Amino acid sequence: MVKVYEMNGITPVVHPTAYVHPSAVLIGDVIVGPRCYVGPHASMRGDFGRLILEEGSNLQDGCIMHGFPGEDTVVEVDGHVGHGAVLHGCRIGRNALVGMNSVIMDNAVIGADSIVAAMSFVKANMVVPPRSLVVGTPARVLREVTDKEIEWKTSGTAQYQELSVRSLATMRETVALTEVEPDRQRMQWESSLPLHLHKNATENVTANVTANVTE
């Protein structure tokens, strides 16, 4: 069972199509929307402000959401929050990505379709324009996000939405095997590559198409 705690008469809400790992902790004023994924050891501590995951968003392993009283911490539709990130009183825009181990502080706004690079620190009150690539500590806007990067991000989020479905349908607690079985199968997924490999693959396809057209 998911660790869900009522506080001051307020109980977390989890949509039936969302998946929340049993090791995650949800306290008080927490709202997890449809088709969301909340990973192992994530903490959504709604004992001060309200915490909201909108439809199709994900909060991955070891992430923390929290905020001050009277404030909302929000991940909008199709938002994507990588392993170990911390969100405190901020807003992550529609289809935006927060990289692993990044920290987004109070009243910061990450614009739609933006990407915050791994291990970035976004200061309080920073407003990131839509479709921005944000890097560094403290974070700064480096440039505009490309179409290829948005395509890669959207594809990765879709996999987490599928992961919610698979987890609800097939994940169960069990006992570990003591040996690797012969012909051990692998998890079956459509290809999902790190961004640098995705770019290279796309460039190679484009080059091949161009060569075929010009030959």
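Visitor: What makes Asp-183 count as exposed?

Guide: The cut-offs come first: buried means under 20% relative accessible area, exposed over 50%, and partly exposed in between (1.4 Å probe, protein chains only). Asp-183 has a relative accessible area of 80%, so Asp-183 is called exposed. Asp-183 lies in the loop between α1 (147-170) and α2 (195-214). Helices (H or I, at least four residues) and strands (E, at least two) are DSSP runs, numbered from the N terminus.

Visitor: What kind of model is this, and how are the residues numbered?

Guide: This is a predicted model, in which local features need pLDDT of at least 70, side-chain atom pairs count only at pLDDT 80 or more, and totals for chains, interfaces and linings use all residues. Residues are numbered from 1 along each chain as its sequence is written, and side-chain values use heavy atoms, with hydrogens and water left out.

Visitor: Why is the phi of Asp-183 pointed out?

Guide: Most residues other than glycine have a negative phi, and most peptide bonds are trans. Asp-183 is not glycine, yet its phi is positive, near 55°. Met-119 also has a positive phi, near 65°. Met-119 is found in the loop between β16 (115-116) and β17 (121-122), and its relative accessible area of 61% makes Met-119 exposed.

Visitor: Why is Thr-73 called buried?

Guide: Its relative accessible area is 1%, so Thr-73 is buried. Thr-73 lies in strand β9 (residues 72-75). Contact means heavy atoms within 4.5 Å; not counting residues up to four places away in sequence, Thr-73 touches residues including Arg-50, Met-65, Leu-87 and Cys-90.

Visitor: What makes a set of residues a nonpolar core?

Guide: The members are buried Ala, Val, Leu, Ile, Met, Phe, Trp, Tyr and Cys residues, joined through side-chain atoms within 4.5 Å. The largest core has 32 residues, of which Val-32, Met-44, Leu-87 and Ile-104 touch the most other members. A second, separate core of seven residues includes Leu-97, Leu-133, Val-135 and Val-145.

Visitor: How do you know that β19 and β20 pair?

Guide: Two strands pair if DSSP finds at least two bridges between them. Strand β19 (residues 132-135) and β20 have four, in the antiparallel sense, so the two strands count as paired. Leu-133 stands opposite Arg-143 in β20. The loop between β19 and β20 holds Pro-138, and a cis peptide bond, with omega about 0°, joins Thr-137 and Pro-138.

Visitor: What makes β3 and β20 edge strands?

Guide: Eight strands form an open sheet of mixed pairing, in the order β3-β5-β7-β10-β13-β16-β19-β20. β3 (19-20) and β20 (140-144) each have a single partner strand, so one side of each is left without a neighbour in the sheet.

Visitor: Why is the link between Arg-143 and Glu-149 called a salt bridge?

Guide: A salt bridge is a side-chain nitrogen of Lys or Arg within 4 Å of a carboxyl oxygen of Asp or Glu. For Arg-143 and Glu-149 the closest N and O atoms are 2.6 Å apart, so the pair qualifies. Arg-143 is partly exposed, at 33% relative accessibility, whereas Glu-149 is buried, at 2%.

Visitor: What does the salt bridge of Asp-147 and Arg-131 tie together?

Guide: Their side chains meet at 2.2 Å, N to O. Asp-147 lies in helix α1 and Arg-131 in the loop between β18 (127-128) and β19, so the pair ties together parts that are 16 residues apart in sequence.
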